[in-house]
Amino acid sequence: MKALLCKEYGPAESLVIEEVPAPVPGKGEVRIGVHACGVNYPDNLIIAGKYQVQPPLPFSPGFELAGEILELGDGVTHLNPGQRVAATSMGGAMAEEICVPATNVVPIPDTMDFTNAAGFIITYGTSYHALRQRAQLKPGEKLLVLGAGGGVGLTAVEIGRLMGAEVIAAASSTAKLELAGSRGAAHLINYTESSLREQVQGLTGGCGVDVIFDPVGGELFKDCLRSVDWGGRILIIGFASGTIPNIPANLPLLRGISIVGVFWGTFAEREPEANRNNMRELLAWFEQGKLKPCISRTYSLEDAPLAMKALLERHATGKLVVTL
Ligand SMILES: NC(=O)c1ccc[n+]([C@@H]2O[C@H](COP(=O)([O-])OP(=O)(O)OC[C@H]3O[C@@H](n4cnc5c(N)ncnc54)[C@H](OP(=O)(O)O)[C@@H]3O)[C@@H](O)[C@H]2O)c1
């Protein structure tokens, strides 16, 4: 089978396509014929040798995929060959076939195509877990989303609105903000034009918001600490800016706010039943037409490095997907 391979750590340009043996499912695994693979920010980290868990070289990037089940490993009884599914994996999805634990596999509705399915689990799963379990977002609360035109940010806008929040979308360009507006944001803030903090204070009568969803980190985090109302929560999602901020501990104390960590992958592993319930609700919303995944561009396997580069260079809107 064909696979995009990382043979030595480096940038996306150093990835190569090669023929490799098809994988064989172990106990509790399924073999899937990959039709589409979602591109995620950590794809760039894993090929650079900078991800928290590194597979041995050579390996394929790709943390999420959609396709058809080809074969069941021993002990798998709740899935069937031929079934249409989405799945997550610790890398390996940018290849024609992959074996993943059956527990990582989610059957998809007939109305969901493989391209949408490949970009669904991580973004929507993360945002829903963050807003539901971690922030306990309530109807009527004010939610500020940073990176609101990107992968997880855009889904946080959609889900926040569905949960009844008043959503303020913040991003770096008009195109990204317009996209966030199309998914339900009530207010739009360009944080490259003027201070995030001042714009939030202006929109909230000087009070700040109840919840901040932050996948960006870096300098903007300082503004976040001063843009939250009493009793508010800041969700730490990621550090797309490349900088992990330090937190002056006096500010959460003085403002009575909570800094809340979110790690969807570990949540799914440690609380599988809660994660399955979340996924059921998200897929039901999709089937009811309440969620509209934004796949802004698809790429061939050969062009997958271009997709990874677009994420790194901040050009991507919504989600990028590699189709096979
Ligand atoms: N905690 C979890 O469980 C979890 C799950 C999924 C993803 N994540 C993390 O969340 C972050 C975002 O992931 P994603 O898939 O949404 O990525 P993405 O689609 O690339 O979106 C990230 C956004 O961050 C903003 N950004 C600001 N500075 C940037 C820079 N120097 N380079 C790139 N982007 C920059 C960009 O928006 P503007 O241009 O508008 O600023 C961009 O749209 C990543 O750090 C990822 O690892 C965490």
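Strand E3, residues 29-38, is mostly covered, with eight of its 10 residues buried. Buried here means under 20% relative accessible area, exposed means over 50%, and partly exposed is in between, with a 1.4 Å probe and protein chains only. Strands (E, at least two residues) and helices (H or I, at least four) are DSSP runs, numbered from the N terminus. A word on the source: this is a predicted model, so local features need pLDDT of at least 70 and side-chain atom pairs count only at pLDDT 80 or more, while totals for chains, interfaces and linings use all residues. Residues are numbered from 1 along each chain as its sequence is written, and side-chain values use heavy atoms, with hydrogens and water left out.

Back to E3. Which strands does E3 pair with? Strand E4, residues 64-72, is antiparallel to E3 over eight bridges. Ala36 sits opposite Ala66 there. E6 is also antiparallel to E3, over five bridges. In that pairing, Arg31 has Cys99 as its bridge partner. Then comes strand E15, residues 319-323, joined antiparallel to E3 by three bridges. Two strands count as paired if DSSP finds at least two bridges between them.

Is His315 buried or exposed? At 57% relative accessibility, His315 counts as exposed. His315 and Asn44 are 271 residues apart in sequence, yet 14 Å apart in space, C-alpha to C-alpha.

Next, another covered strand. Strand E9, residues 166-171, has five of its six residues buried, so it is largely enclosed by the rest of the structure. E9 runs parallel to strand E8, residues 142-145, with four bridges joining them. Lys142 stands opposite Glu166 in that pair.

Now helix H3. H3 is mostly covered too: 11 of its 14 residues are buried. Among them are Ile121, Thr123, Tyr128 and Leu131. Just after H3, Gln136 takes a positive phi of about 50°.

On to the core. The largest nonpolar core has 88 residues, and Ile32, Phe213 and Leu235 have the most contacts inside it. H3 gives the most to this core, six residues. At least three residues come from each of domain 1 (2-120 + 293-323) and domain 2 (123-265). For the record, a nonpolar core is a set of buried Ala, Val, Leu, Ile, Met, Phe, Trp, Tyr and Cys residues joined through side-chain atoms within 4.5 Å. The domain bounds come from an automatic or database domain assignment.

How many cavities of 30 Å³ or more does a search of the whole structure find? The search finds two. The grid is 1 Å over the protein atoms alone; a cavity is a set of points where a 1.4 Å probe fits but cannot get out, a pocket is an open set with protein on both sides within 12 Å along at least five of seven lines, and lining residues have an atom within 4 Å of a point. Points are joined across faces, edges and corners, and a volume is the space filled by probe spheres set on them.

The largest cavity holds about 90 Å³. Its lining has 15 residues, with Thr123, Gly151, Thr155, Cys294 and Lys319 nearest the centre. H3 (121-134) and H4 (151-162) each supply at least two lining residues. H4 gives the largest share, four. By class, this lining has five nonpolar, six polar and four charged residues. Ala, Val, Leu, Ile, Met, Phe, Trp, Tyr, Cys and Pro count as nonpolar, Asp, Glu, Lys and Arg as charged, and the others, Gly among them, as polar. Where does the largest cavity lie relative to domain 1 and domain 2? Both domains give residues to its lining, so the largest cavity lies between them.

The second largest cavity holds about 30 Å³. Its lining includes Ala86, Phe120, Ile121 and Met279. The classes there are nine nonpolar, no polar and no charged.

Finally, the second largest pocket, at about 200 Å³. It has 14 lining residues, and Met1, Pro23, Ser60, Gly92 and Glu97 are the closest to its centre. E6 (97-101) gives the largest share of that lining, three residues.
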